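Please consult the sequence and the structure shown below while reading.

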Amino acid sequence: MMPNVKLTTNPIDASELSFDDFKTIVIKDYKIAFESRQASLLGRKEVLTGKAKFGIFGDGKEVPQIAMAKAFKNGDWRSGYYRDQTFAFATGICTLKEFFAQLYANPSVEADPASAGRQMNCHFATRSINEDGSWKNLTEIKNCSSDIAPTGGQMARLVGLAYASKLYRQNPELSYLKNFSVDGNEVAFGTIGNASTSEGVFFEAINAAGVLQIPMAMSIWDDAYGISVPAKYQTTKEDISEILKGFQRDENAAGYEIYKVRGWDYPALCEIYQRAIDVCRTEHVPVLIHVTEVTQPQGHSTSGSHERYKDKARLEWEREYDCILQMRKWMIESAIATEEEVAELEATAKKLVRETQREAWNEFLATIKIEKDQVIAMINSIAKGNQSLLKIAGQLAGTPDALRKEVISAARKTLRLTLQNPSSERSELLNWYASQSALNIDRYNSKLFTDGKESPFLVRTVNAEYNEDSRMVDGRELLNACFDANFSRDERLVAFGEDLGAIGDVNQGFAGLQAKYGDLRITDTGIREMTIVGQGIGLALRGLRPIAEIQYLDYLLYALNILSDDLASLSYRTKAGQKAPVIIRTRGHRLEGVWHSGSPIGMILGSLRGLHICVPRNMTQAAGMYNTLFRSDEPALVIECLNGYRLKEKLPENVGAYTVPLGKAEVLRQGIDITVVSYGSTLRIVEEAAEELAQFGISVEIIDPQTLLPFDKDHLCAQSLSKTNKLLVVDEDVPGGGAAFILQQILEEQNGYYHLDGQPKTLTAKAHRPPYGSDGDYFSKPSVDDVVETIYQMMNEHNSSKFPAIF
């Protein structure tokens, strides 16, 4: 068995190293680079022969990534993209065997610690948390935030990873968090391809890091193309560092240190990275390293060939200035190694990579082969001469490298064909299939949330307490008191967003708290929704408890890519190897006009599985949900009611301690004729309508699910339907939006359709956004009149003699 070893690079300190020591380090670096190249070449072959689904590799970037790895220390963080395999090898973040295990999608955390086969190759991650969800000591390991495929998406979280070092260095209250930082000395390393620097999130993040002055080290691998599109169509002046010159710091203004170095020049790369990261680490100044003249020997990916779009001169240049070839040439010319020594090293490396690949493939197939043999034997046992079943077993036996889907499919087909022929042999296969189904749920479907010991569902429910002296206050004051109590209780809490700091947010939920807790903990940001969310993700990955404010729900659109691609999938794509308990705070529903009345709930529910979606009806419920989330470790979106900040509510005596459980629906009004399910601001309209309907003798039961993800875990809605037999869902989203999800949950998940004696209905907003003004709201979103008449019509359809038609 090949050892799953880590061959890491070492720093070069010319003041202390002898020439022999220097030679040893350089030769080791060349070995890492050469092995990485062989892994790329072999990985491509594995895809083209059908063993792997798709391949994208880091060939051509080997030497600059080794130089970068030399400056990467324990406690540091990487937020990169799928070209960084040599860096991963050189830092020990990934081994060769783990690299191939991921290529084959091995669903084992032991084989592929980064993603347990859930991510395609070269998507790296380290495991930050233990199986119970508790944190590891992140200062003792080299950390890698989980990669995502969108090539600029890593930029947003990079800002937060670097910003955490600033908070750990400048806020002495955080000094007790020994497992997360050593005096803020950690650097956040970012990588990106030159073409992806054209994306908006790159510029947003670069600007944010310059404003914040944080230890962010940004490396740009510039191979002059974005797949087939050359730089002249990508970047002004065809040079990203040229157009970013205005970010260079000087004696009058803070900014960046910007460096430019060629990707095939090993000595210069080592020198530049050491100098740049020293500045970044000690001074907390962001740095940008533009690595030019990089090549891409195999083209973009296994889906095509770069010979289609690069001319002969470019291809010849790339062959000559391949970084490994240039390093090899330099080593021989500098008497670091002879031609014979290098050739022997290369031969050994080729053999090692091939043997490691074969072992990773065999380990991937080993468990499946056991399952395959079991299924073949059971099918043959059931068959008793049945040719159709023998054919299924024969086809499976004749597939030498069968995947698990083929094994399971054979079992399912056999069970279908023998449905009318029960036997002990069939029962054996049925039991086997049931046990495998549970295993496969764990392999392929588990850990959408961390589900650890700090799960929100383990937070103790504490009721709000009142006494005869409890005051009636504006909803905003209640929220403010909740935030105040929690910031006093937990030093890890930080909050940031547009207008959040000095004025305490546009609705005064944080009024006066910046003055009390300081601008490191409660902070204004620029208008940059993607990096506000990314700032939260990065901080949460490093053990802090961020509240990232998006000023209005409508503006969530400008951060949806980061929320969906990164935060929502983080636990799943690492199989609970990483967590980011960030709370996205926003406000929405009824206000005025196209841009401030948003309720895009269907969009949110469809794109943010992996976040808890909280839709409190008032600020008392919102505060209770915050109290729950502050004591747990899973990400959430909390949508406060825009028209609730100045409505009066009674202030709980335990405002920072009472909790509202997630997924716990509440009956707001008992009734016997019809069940109405709604949430957020619309509930007040439903409650008003219920009063009028009572005058017609119609008894309405009103249910507030409180959270949409999860939805009514106790099936309160179905219980209500067993009594009323009628269902109306009232929703401010477009037709078929959030209401469709709620119907699916009640009718399908809760089997509510059993209790219906008529068609369930939805009452939603119109398909367009509301025009400005009170009339715009009235004619676009459900009104009291709409609710009254819809419910009355449903009762008319049930009993027209008792409830004659209104119109």
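In what order do the six strands of the open sheet stand? The order is S2-S1-S3-S4-S8-S7, and the pairing is parallel. The model under discussion is a predicted one.

## The parallel sheet

Strand S7 (residues 257-262) is joined by six bridges to strand S8 (residues 287-292), and the two run parallel. Here Arg-262 faces Thr-292 in S8.

The side chains of S7 alternate along the strand.

## Salt bridges in and around helix H11

The count of salt bridges in the model comes to 49. One of them joins the side chains of Asp-373 and Lys-369, with an N to O distance of 3.2 Å. Both residues belong to helix H11 (residues 339-383), where they lie four residues apart, about one turn of the helix. Asp-373 counts as partly exposed because its relative accessibility is 39%, a value between the limits of 20% and 50%.

A second salt bridge connects Glu-425 with Lys-384, their closest N and O atoms being 3.3 Å apart. This pair links distant parts of the chain: Glu-425 is in helix H14 (residues 424-444), while Lys-384 is in the loop between H11 and helix H12 (387-397), 41 residues apart. Lys-384 is exposed, with a relative accessible area of 61%.

## A buried pair and its network

Arg-587 and Glu-549 also form a salt bridge, in which the closest N and O atoms are 3.1 Å apart. Arg-587 lies in strand S13 (residues 583-588) and Glu-549 in strand S12 (residues 545-549), so the pair ties together parts that are 38 residues apart in sequence.

Are the two partners buried or exposed? Arg-587 has 0% relative accessibility and therefore counts as buried. Glu-549, at 2% relative accessibility, is likewise buried. Both residues take part in a network of salt bridges that links Asp-505, Glu-549, Arg-585, Arg-587 and Glu-640.

## Charged patches on the surface

A patch of positive charge on the surface is formed by Lys-391, Arg-412, Lys-413 and Arg-416. Helix H13 (residues 404-417) supplies the largest share of this patch, namely three residues. Arg-416 is located in H13 and counts as exposed because its relative accessibility is 56%, which is over the 50% limit.

A patch of negative charge is also found on the surface, where Glu-465, Glu-468, Asp-469 and Glu-653 gather. Glu-653 lies in the loop between strand S16 (648-650) and strand S17 (666-669). With a relative accessible area of 45%, Glu-653 is partly exposed.

Technical notes
Residues numbered from 1 in each chain as written. Predicted model: local features only at pLDDT ≥ 70, side-chain atom pairs only at ≥ 80, totals over all residues. Heavy atoms only, no water. Patch = residues over 30% accessible without salt bridge, like charges linked within 9 Å, V, L, I, M, F, W, Y side chains within 5 Å. Areas by Shrake-Rupley, 256 points an atom, 1.4 Å probe, with all protein chains shown as cover. Salt bridge = Lys/Arg side-chain N within 4 Å of Asp/Glu carboxyl O. Lys, Arg positive; Asp, Glu negative; His and termini not counted. Charge placed at Lys NZ, Arg CZ, Asp CG, Glu CD. Buried < 20%, exposed > 50% of the residue type's maximum accessible area, 1.4 Å probe, protein only. Pairing = 2+ DSSP bridges.
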